[in-house]
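Have the coordinates open and follow along.

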Amino acid sequence: MRAARLIKMVLLLQARPSITGAELARELEVSERTVTRDAAALSEAGIPVYADRGRAGGYRLIGGYRTRLTGLGRTEAEALFLSGVPSALREMGLADAASAARLKVSAALLPELRDASHTVAQRFHLDAPGWWREPETPELLPRIADAVWDDLRITVRYRRRDAEVRRELEPYGLVLKAGVWYLAARAEGGFRVYRVDRFAAVEPSGARFTRAEDFELPAFWAERADQFARSILREQAVVRLTPAGARWLPHVTDWAAAEEAVRAAGEPDGQGRITVTLPVESYEVALAQLLGLGPEAEVLGPPELRELFADAARRTARLYE
């Protein structure tokens with residue numbers, strides 16, 4: 001346990017010019033007294049840890065000291081090689097850079113750990129796109145990725161439903177969701193999300209932008225994805241479900257909305273069925289989704305939606321007469 005903590009301490013000191021005892025204690029989840037003892041142990045082992053005294057003091061490595069990654073264990077090494085998304089790197093034009101990085105890390109590992117990349121590749125593979133769709137790489141993705149890396153403003157033409165618009169964007173980050181690429185960017189009206197496959201043209205302006213220090217891509221995406229999912233569920237359907245229908249509901253419609261609707265349902269009736277109020281995108285979409293439940297679901301309302309199901313049932317019955 002202590003050996004792993006000492007290695008982490010060295011790596012933290014390598015990553016920063018200076019770090020206070022309180023910061024190290026927080027990162028290592030120990031007391032400042034333990035940090036002092038660990039720093040002394042590293043010095044005794046020949047690692048040049050220097051402690052600056054005083055209120056503005058801290059710990060630092062002197063003489064440009066660097067360590068090889070010999071402290072990695074097998075599980076850590078395998079996790080490192082597992083962390084990449086090969087298809088995403090390839091689509092962004094970074095496959096060669098990623099390959100070179102993996103080779104350099106492999107060369108720095110202990111000999112008995114250098115097969116980590118092979119053992120991981122034989123056991124785990126990430127296939128990002130969803131089923132029953134041919135994955136397509138947006139032609140302009142590598143150009144956008146370059147702008148994201150270099151914090152370069154871009155001028156774009158973006159296809160909307162009824163027109164093509166021109167925008168000046170500050171590209172903050174790329175997100176791959178179910179095989180579809182999205183760009184998180186700051187425009188004149190604030191931060192927005194754009195589908196990369198709808199860009200008709202992308203031209204870097206050559207001017208750099210300054211990133212907002214409080215912007216965090218994972219948190220931004222989680223918030224916007226939730227807002228988007230809820231914004232398109234404009235209608236409601238009242239549905240009576242068998243136990244099997246309740247189990248299968250999240251598989252045919254929005255998962256979060258279905259789970260919430262089932263949790264909010266009352267007690268089952270005499271036939272073991274529950275009645276849920278389900279948010280849906282539209283009545284037409286609800287028809288396409290809920291028909292997949294067959295006799296495990298009965299739409300009770302609104303009347304126009306129930307009539308759509310009744311009509312579909314009559315037409316289906318005629319096919320099998």
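Glu29 is exposed, since its relative accessible area is 73% (exposed means over 50%, buried under 20%, and partly exposed in between, using a 1.4 Å probe and protein chains only). You'll find Glu29 in the loop between H2 and helix H3 (32-44). Its backbone is worth a look too: phi of Glu29 is near 60°, a positive value in a residue other than glycine.

A word on provenance: this is a predicted model, where local features need pLDDT of at least 70, side-chain atom pairs count only at pLDDT 80 or more, and totals for chains, interfaces and linings use all residues. Residues are numbered from 1 along each chain as its sequence is written, and side-chain values use heavy atoms, with hydrogens and water left out.

Asp151 also has a positive phi without being glycine, with a value near 55°. Asp151 sits in the loop between helix H8 (141-150) and strand S3 (152-159). Another backbone detail is the peptide bond from Gly301 to Pro302, which is cis, with omega near 0°. Pro302 belongs to the loop between strand S10 (297-301) and H13.

Zooming out, the chain has 13 helices and 10 strands; these are DSSP runs, with helices being H or I of at least four residues and strands E of at least two, numbered from the N terminus. Of the 321 residues in the chain, 33% are buried. The accessible surface comes to about 20700 Å², with 52% of that belonging to carbon and sulfur atoms (Shrake-Rupley, 1.4 Å probe). Take the contacts in the chain between residues at least 6 apart in sequence: 63% of them join residues at least 24 apart. Contact here means heavy atoms within 4.5 Å.

Now for two helix pairs. Axes are lines fitted to C-alpha atoms, over the stretch in contact for helices, and angles run from 0 to 180 degrees between N-to-C directions.

| Helix pair | Angle | Axis separation |
|---|---|---|
| H1 (residues 2-15) and H2 (residues 21-28) | about 130° | 11 Å apart |
| H12 (residues 283-290) and H13 (residues 303-319) | roughly 45° | within 10 Å |

The angle makes H1 oblique to H2, where under 35 degrees would count as roughly parallel, over 145 as roughly antiparallel, 65 to 115 as roughly perpendicular and the rest as oblique. On the H1 side, Arg5, Lys8, Met9, Leu12 and Leu13 meet Leu24, Glu27 and Leu28 from H2. By class, that contact has five nonpolar, no polar and three charged residues. Ala, Val, Leu, Ile, Met, Phe, Trp, Tyr, Cys and Pro count as nonpolar, Asp, Glu, Lys and Arg as charged, and the others, Gly among them, as polar.

H12 and H13 are oblique to each other as well, and H12 passes H13 in a right-handed crossing. H12 brings Tyr283, Ala286, Leu287 and Leu290 to the contact, while H13 brings Glu304, Leu305, Leu308, Phe309 and Ala312. Those residues divide into eight nonpolar, no polar and one charged.

Finally, is Tyr182 buried or exposed? Tyr182 is buried, at a relative accessible area of 18%, and lies in strand S5 (residues 180-187). Leaving aside residues up to four places away in sequence, Tyr182 touches partners including Val193, Arg195 and Trp221. The C-alpha atoms of Tyr182 and Arg195 are separated by 4.5 Å, with the two residues 13 apart along the chain.

Methods
A crossing is left-handed if the near helix is turned anticlockwise from the far one by less than a right angle, and right-handed if clockwise.
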